[in-house]
Amino acid sequence: MSDRPWERLPELRLPIALMDGGPALNEAVDMPPNSALTLARVEPTGDFLAWRWRDTGQLGFYPASSIKWMTAGLLAVFLDGLGIPDTAALRTGDDPPVVIRDAVLSMLIHSSNDTFNTLQEAVGFEETMAVVRAVGCERFVMRRNFGPDRRSHSREVTLTAPGREPVVVPARLDTDMPLSSDDRPPPMGNPEANFATTDDFVRMAAWTLMGPPRDASAFDLMPIGLAGPHPRDTASGFNDLALAALESGAFTVLSKPGWWPPEGVNVDVAYAYDHGRDRHYFASIYVEDTVEERARKTMRQAARDAMAAVRDAP
C-alpha cells in the first residue's frame, strides 16, 4: 500500500478520553433501536473528539469478529516482547502448529475463528484485560474464545523460529471475569458472552495504530489484513460520501467487520484518513438486525451520514 497515513498519527496518551465533539448524531443518522455508533476524530495534540448516535457509546453488545482487530495488535506486542518474528511457528497445547503470519492474515481477512482462538490463547485473556483497562475501556469484558469449550485459559504456548531455541510460555489459568452486572448486562441474554461498546472499539483500534503495536515487527500484518477483501461496509459508506462530492480517493480505510447471524449482531470497527482535510478518524458501528444484507446497507448509510455530519466540524 503506497499511502500509509496511520504512520502520521500522533503519539497516544493513556487512558484514552473521548471528549464531546458536539451535538449527537440523532438527526443525521437513521438506525434501528438498540444500535450504536461512535465516530471520533484524532486531533494533532492526540486528543479525541467524539460524536455519537443517540448517546449510545455506552450500549453494550456482543462484539463478534470485530474483536479480532484487537487480538492482532495484542499479538504484535506479545511477539516483540519475546523477540519472535511473525515467520515463526506457534503451537498451543497439543494443537498442530501454525505459521504466525499466515494465522494473523487468516484471522483478519477470512475472519477464521480457529486462528483467532489460537492467537488469543497465546496472547492470554488476563493479559488482554490488563491492556483494555489501561486504554480506558471500563466496561469491556473478554470472557472466552469462539470455541465450543468457551476457553478463557491458555495452554502452554511454544514458539519456534529457524536457527534459535524454542520459546515456551507456560500455561495460564482461567480468567475470573464477572458474568454480568447492573451496568454490564449479558449481551443476547448470555452471561458468558464477550461484551463491548462502540466507545471501547474506538479506543482499542486507536491503541493498535497509535500505541505499542505500531513499533512491533509484526505490525505490518495489520494494515494488510484490515484492508483485505472482506465486506467493509463502513469503508463503503465513507467512499459513498467521497463519490457524492466528486472526490477521488478521499478516504483510506482499515476495518474489521463482525456478523453473528443467530442474534442479528452486525458490528464494524474502522480507521479512516480523510485526504482532503488531512484528518484521522476512528469509528465503530453496531446495527441490530437479523437480516444481514439489510443490516449491512444500514451500516453503510450510517457511516456515510455520520461522516457527512462531522466532516467540516471545527
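The protein contains 8 helices and 10 strands, where helices (H or I, at least four residues) and strands (E, at least two) are DSSP runs numbered from the N terminus. The model is a predicted one, in which local features need pLDDT of at least 70 and side-chain atom pairs count only at pLDDT 80 or more, whereas totals for chains, interfaces and linings use all residues. Residues are numbered from 1 along each chain as its sequence is written, and side-chain values use heavy atoms, with hydrogens and water left out.

The average pLDDT (the predictor's confidence in each residue, from 0 to 100) is 90 for the protein, and 94% of the residues score at least 70. Among the elements, the lowest mean pLDDT, 90, belongs to helix H7 (residues 233–244), and the highest, 98, to strand S5 (residues 98–99).

Of the 314 residues, 57% are buried, that is, under 20% relative accessible area, with exposed meaning over 50% and partly exposed in between (1.4 Å probe, protein chains only).

Within helix H3 (residues 113–123) lies Glu-121, which counts as buried because its relative accessibility is 1%. Apart from neighbours within four places in sequence, Glu-121 is in contact with Thr-92, Arg-151, His-153, Ser-154, Arg-155 and Arg-172, contact meaning heavy atoms within 4.5 Å.
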